[in-house]
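Below are some notes for a colleague who has not seen this model before.

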Amino acid sequence: MIETWLEALQPAHLNFLLQGFRITLEVALITIALSYAIGIVIGATRYLGVPGLATLFTIAVETLRNLPILYLLIFVRFVLPTLGIRLDPFWSAVVGLTAFEAAIISEIVRAGLASVDRGQIEAATASGLTRLQILRYIALPQALVRMIPPTVSQFISLLKDTSLAVAISLPELMHNAQIIYNGDPVRYVLPILTTTAVLYFSVNFLLSQIAHVLERRLLRT
Amino acid sequence: MVYLELLREYGDLFWSGFRTTLGVSVVSLLGSLILGTFIAGLRMFPYAPVAAVGRAYVEFVRNIPLLLIAFFFYFGLAQFHINLDGIVAGTLALTIYTAAFIAEAIRAGIHSLPKGQWEAGYATGLSYAQILRYVILPQAFRLILPPLGNQFVNLVKNSSILSLIAGPELLYQGEAIANATFKTLPAYTLVAAFYLLLTIPLSQFVRYLEKRLSGKEFVLEGGGAV
């Protein structure tokens with residue numbers, strides 16, 4: 001039993017898992033950065049009610065957030081090539097995940113903007129600021145601060161969802177774990193899956209505790 | 001046109017995938033409702049070590065990928081000569097995963113009720129169980145319902161992971177149809193349409209519930225944020 005675990009968790013295997021985890025983190029970080037930027041643009045557009053564009057974004061957001069992430073990944077990797085758009089697994093994962101996350105973050109932005117005290121908006125309007133100026137100088141700065149805890153929570157979901165990229169052969173943590181235990185399924189499956197779970201858990205648990213502290217601190221001010 | 005053709009020729013397969021997706025989601029919802037209530041009970045248990053078990057379950061399960069749990073049931077248990085098929089392994093994984101989120105929703109719902117409710121209950125001579133049954137749960141239910149609805153939407157979407165462990169649900173069948181016909185875009189577009197047919201009305205309904213149940217008439221004194 002112990003020997004099996006030691007053999008399954010030999011340094012070469014652990015290294016391979018960590019390599020996968022690096023890809024997981026890279027994909028998640030690029031995705032969250034892109035989703036944040038796109039989410040703010042979409043959220044602000046819907047907040048301002050830009051004619052046409054706001055409706056278009058609403059339809060896009062409702063569609064994307066109601067589809068499985070796995071579907072989006074497979075769509076980007078295997079369906080888009082039939083339309084002449086060919087991406088490697090890494091960028092397929094980034095694009096597929098961003099399509100979903102940007103939709104979710106735009107909703108967080110909208111909720112953040114809507115939570116800004118009405119009196120402030122009225123005061124700003126009365127003092128002659130335009131709607132764009134109100135967004136830029138009054139609503140958005142406050143919304144961005146309030147968005148921090150939900151965005152951290154969203155990042156945790158994202159780290160977990162990156163595992164779905166096994167379906168498009170991205171060499172991330174889950175994929176590398178599969179490669180190792182396929183080498184000797186009977187003996188390696190449990191040690192490798194357990195170690196993989198511990199890796200995901202330790203990073204995500206730490207992040208969730210940070211989100212918790214941030215939330216409490218923001219509530220106090 | 002090509003869509004109608006696909007539907008005429010492969011309608012049965014789409015329909016069978018759709019039914020599996022819906023069936024797995026409903027069964028997992030019921031299962032995770034039972035398990036989640038039990039875990040929430042553990043978490044709020046007055047004896048600390050028992051509460052710690054509940055908390056450990058929630059924290060561990062919430063922070064690992066659903067796919068990993070599914071792989072554990074599908075590939076991991078095979079080591080103990082327990083061979084589950086994709087649908088069973090997937091349903092178990094979905095149930096265990098979703099139960100953690102439901103347990104949190106239940107706990108949050110109960111916790112957001114003011115302490116005065118308990119105190120008033122005790123003052124009128126009700127027992128713990130009676131207060132829970134007649135005072136707390138009927139009120140908490142209103143707060144718990146919208147997050148439960150959200151979990152059901154998530155279940156419908158998350159059930160797509162069955163396709164990775166040979167569970168013949170909607171995405172799996174869509175893939176099979178795309179591979180058989182080479183009509184990749186139409187096949188996958190229909191898959192999306194079937195998912196949205198379920199998830200969009202459901203999430204709209206959840207939004208309606210959220211608005212209705214958090215209406216002013218239900219704002220409880222000292223109730224805190226919901």
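1. Helices are DSSP runs (H or I, at least four residues; strands are E, at least two), numbered from the N terminus.

2. This is a predicted model, in which local features need pLDDT of at least 70 and side-chain atom pairs pLDDT 80 or more, while totals for chains, interfaces and linings use all residues. Residues are numbered from 1 along each chain as its sequence is written, and chains are lettered from A and ligands numbered from 1 in the order in which they are written.

3. Gly54(B), Val58(B) and Val61(B) are the buried residues of H2(B). Seen down the helix axis, they fall within an arc of 85 degrees (taken from the directions from the axis to the C-beta atoms), so they line one face of H2(B). They pack against helix H1 (2–43) and helix H4 (86–111) of chain B.

4. Chain B has eight helices and zero strands. Of its 226 residues, 40% count as buried.

5. Chain B has 27 residues in contact with 31 residues of chain A, contact meaning C-beta atoms, placed from the backbone, within 7 Å. H8(B) gives the most to this side of chain B, with ten residues.

Terms used
Two residues are in contact if their C-beta atoms, placed from the backbone, lie within 7 Å. A residue is buried if 20 or more other C-beta atoms lie within 10 Å of its own, exposed if 12 or fewer, and partly exposed in between; C-beta atoms are placed from the backbone.
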